[in-house]
Amino acid sequence: MLKTILIRCLQIIPSLFVVVTLTFVLTRMIPGDPARAVLGPQASVEDVEKMRETMGLNQPLAAQYKDYMINIVKGDFGTSYSYNQPVFSLIARRIPSTLLIALPAVLIALIAGMLVGVTSAVHQGTLFDYVFMILALVGVSMPIFWLGLMLVLMFSVNLGWLPVLGMGDISKGLGDVIRHMVLPCFCLATIPTATFSRITRSSILESIHGDSIRALRARGIKESVVIWKYALKSALPPLITVLGLQLAGCFAGAILTETIFSWPGMGTLIVGAIDNRDYVLIQGAVLVIALAFVMINMFVDVIYMIINPNVNYEGGN
Amino acid sequence: MGEVLLTVNDLKTYFYTVSGVSKAVDGVSFHINRGEIMGIVGESGSGKSVASSSIIRLLPARTGKIVSGSIDFDGTDVLKLGKRELLSFRGRDVSMIFQNPMTSLSPVFKVGHQMVEMICAHHKVSRQEAYRMGEEALRKVGIPDAGRRMDSYPYELSGGMCQRVIIAMSLCSNPKLIIADEPTTALDVTVQAQVLELLKDMREKNGMAILLITHNLGVVWQMCDSVMVMYAGKTVEYTTCKELHHNPLHPYTWGLLDSMPKLSSNSGEELATIQGTPPDLRLTGTCCNFSNRCPYAEDLCRNQVPDLKELEPGHFVACHRQGVESRLFRGGVKQHE
C-alpha cells in the first residue's frame, strides 16, 4: 500500500506542472495591464513603463515563465502587486477562514445527503422519495448567487436574525463568528447536499437489490443493520469519490459564496486578485487550489483501498 | 422422520407489475417431513424459486405478495408472524442457500465478520464466542485452514469455497429446514458434486430437512426423497422420487426426462426439447398451462384448468388426459408396470 501511495505522490508532479503552466498563460491573456492597475488611471506613461520594468513584465514571456518556475521550485511564490506582501503568507492567512465555512458545509452536506439518500432509497416510490428527490433536483440547479442573496434578504434584512456579511469578530465571542457562519455554510452546503443525496440514493438502490442483501435478509439480520451497515458500506465508493471532489471544490467553489457574504477567504482573495490583474497572486492561489484537488484525490484513492479490499494494487495478502 | 415439518397449502404468490398481475405461484401445496429432502423441479420462470422464497416471506416488498394459502412450519403459521418473529424465524428455523455463492456474501466484509453477524443475530453469545463457533462451523464443512478463511474477504475464495462458507453459516443456528435454491448451478461440475455430497452429509449428521430447488433432474435422483414438478406457477406432478423415476405420468415430466442428455445416445444425435415456450404468467388461469406445448392436448385441455388428482397412492398429477380409468402412455407406448 505504501508503494502505491508513493507512486500516486510522484504522479502529482506532472499535474501540478501543467496547472502552473496553464495558469501562467491564461493570466497573461486577461485584458488589462497590471502596472496600470497598481498605479491607477492618472499615472503617466513613463511611470507605468518604469513599474512594468520593476515588475519584470517587460521581459519576453519565455523569460518570465522561466523565472517564475525557478522561484516556485525554490518555494518562492512571489510578491503580490496589489497587497505588496508575499503571496504565500497571504494565502496561508486566507485558507483557515475558507475552511471554517467549507468543512462544516461539506460535513453537513454529507450527513444530510446520506440520511436523505438512504431513506429515499429504502422508501423508493413513496411521497418522501418524490419530495426529497425533487428538492435535490432544485438544490443542484439553484444558482448560488441568487440563493445567497435571497437568504440575506430573508434572514438578515427582513427577519434580522443573522448578520448580512463579514466574518464577525472573535473578540465578541465564538457566538458572533458562528452567527456569521450560518448563512454562508448553508449556501455552500446546498449543492453538495443535493448531490450527495442523489448519489447515495442510486448507489443504495443498486446495492439493496443485490443478492448479498437478499441473502442477509434471508439470514434474519435486522433490517436496520442490513441497510445502514451492509448496503451503505457497499454503496460508499461513489460517495467517497464525490466527497473528494466536493471537498476540493470547496477550496475554490467558495468564490461565489464568499463574494456574496464578503467572507475573507480564498474566494474573495482570488476575485480581488483578478480585478487588480495581480498575476502573481492569481497564479499562487490557483496553484494552491490545484494542489488541494490533487492531494484530496490521492486521499480518496487511499480510502478506496481501505474500504474496498478489491482495490489492492499489490494484490494478494 | 415421518413427522410433518412444513405444510404449504394452496399457496398463491402474485407479482403486481405495471403491465398486470403475474401469477408466479398459483395454488401450490406440498409438505416436507423432518429430515426429508424434497426437490422442486421446473424450468426458469416456473415459480419454484418464488415458492421457496414465499416460505420465509422473502419477496420484493412492493410488488410481490402472498395472496392466499397457508404455510405451517412446525406448528407456527408463518404468514401470521410479526416483524421480530420473522427475523428469528429466518436464519434460525429456516436457512436459505442461494444460487450464486459469489454474490451471496457481502463483498465488503470479511467472512468471519459475516459469520459473527449471523451467529450473534440468533444466539446470545459474545463476539469472541461467535467467532470461535464460526471457525468451528467452517471446519465442519471441510474448509481447510478455517482460521485463515475467517480472515479472508469473499473475493479471495473460490465459488465452491464460498458455497461451503454459506452452508456453514446456515448450519450455525442448527435450522430445521434448509432451502437450497439451485445451490450448484453457478459451480463447476466437480464442485457441484462435492457441495451436494456436503448437503447430504449434513442432513445425515444434523437431521434437518432440505428443500432443494433445481432444474436438473439428475440432481433430484441423486438427492431427493420426494419431488414436485412445477410448470408456470402450478404443480403438475408431485410424488416420491422413486415413483417419479419409474412411473412419470405428466406429459411435461416426460418432456423434461426426454430432454436430459443420455450417456448412451450418439454424439451426432440432437437433444430432444419441449417445443414452444411457457405461457405468459399474467394470462394463465383459463386452461391447462401446458396445453400449447403438449403433444397430447385435447379441446378440454385448452378450455379448463386441470385439478391435481391422486392417481396412485401418493402420486399426484394435474392432467386432463390422465385419469384413474383412462391412462395416457408416454410416447403412445405402454410403460412398464
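Guide: Let us begin with the sheet in chain B of this predicted model. Residues are numbered from 1 along each chain as its sequence is written, chains are lettered from A and ligands numbered from 1 in the order in which they are written. Local features need pLDDT of at least 70 and side-chain atom pairs count only at pLDDT 80 or more, while totals for chains, interfaces and linings use all residues.

Visitor: In what order do the eight strands of the open sheet in chain B lie?

Guide: Helices (H or I, at least four residues) and strands (E, at least two) are DSSP runs, numbered from the N terminus; two strands pair if DSSP finds at least two bridges between them. In chain B the order is 6-7-8-3-9-10-12-11, with mixed pairing. Strand 6 (94-97) and strand 11 (309-312) of chain B are the edges, each pairing on one side only. On average, neighbouring strands of the sheet are turned by 20° against each other, direction ignored; the axes are lines fitted to C-alpha atoms, for helices over the stretch in contact, and angles run from 0 to 180 degrees between N-to-C directions.

Visitor: In which sense do strand 10 and strand 12 of chain B pair?

Guide: Strand 10 (residues 234-240) and strand 12 (residues 315-317) of chain B are antiparallel, joined over two bridges. Y238(B) has F316(B), in strand 12, as its bridge partner.

Visitor: How many helices and strands are there in chain A?

Guide: Chain A has twelve helices and zero strands. Its C-alpha atoms fill a box of roughly 85 × 60 × 35 Å along the principal axes.

Visitor: Which residues of chain A does the UniProt annotation "transmembrane region" cover?

Guide: UniProt positions are given in the numbering used here, feature names are shortened, and annotations may be inferred rather than shown by experiment. The unreviewed entry gives residues 12-30, 99-118, 130-157, 239-261 and 281-307 of chain A. Residues 99-118 of chain A are 100% helix and 0% strand, with end C-alpha atoms 27 Å apart.

Visitor: Why is V164(A) classed as partly exposed?

Guide: A residue is buried if 20 or more other C-beta atoms lie within 10 Å of its own, exposed if 12 or fewer, and partly exposed in between, with C-beta atoms placed from the backbone. V164(A) is partly exposed because 15 other C-beta atoms lie within 10 Å. V164(A) is found in the loop between helix 7 (144-158) and helix 8 (174-208) of chain A. The C-alpha atoms of V164(A) and I260(A) are separated by 9.4 Å, although the two are 96 residues apart along the chain.

Visitor: How many residues has the largest nonpolar core?

Guide: A nonpolar core is a set of buried Ala, Val, Leu, Ile, Met, Phe, Trp, Tyr and Cys residues joined through C-beta atoms within 7 Å. The largest has 151 residues, and A285(A), L177(B) and L211(B) have the most contacts inside it. Helix 10 (residues 223-260) of chain A gives the largest share, 15 residues.

Visitor: How many residues does each chain bring to the contact?

Guide: Two residues are in contact if their C-beta atoms, placed from the backbone, lie within 7 Å. Chain A brings 20 residues and chain B brings 23 residues. On the side of chain A that touches chain B, helix 9 of chain A gives the most, with seven residues.
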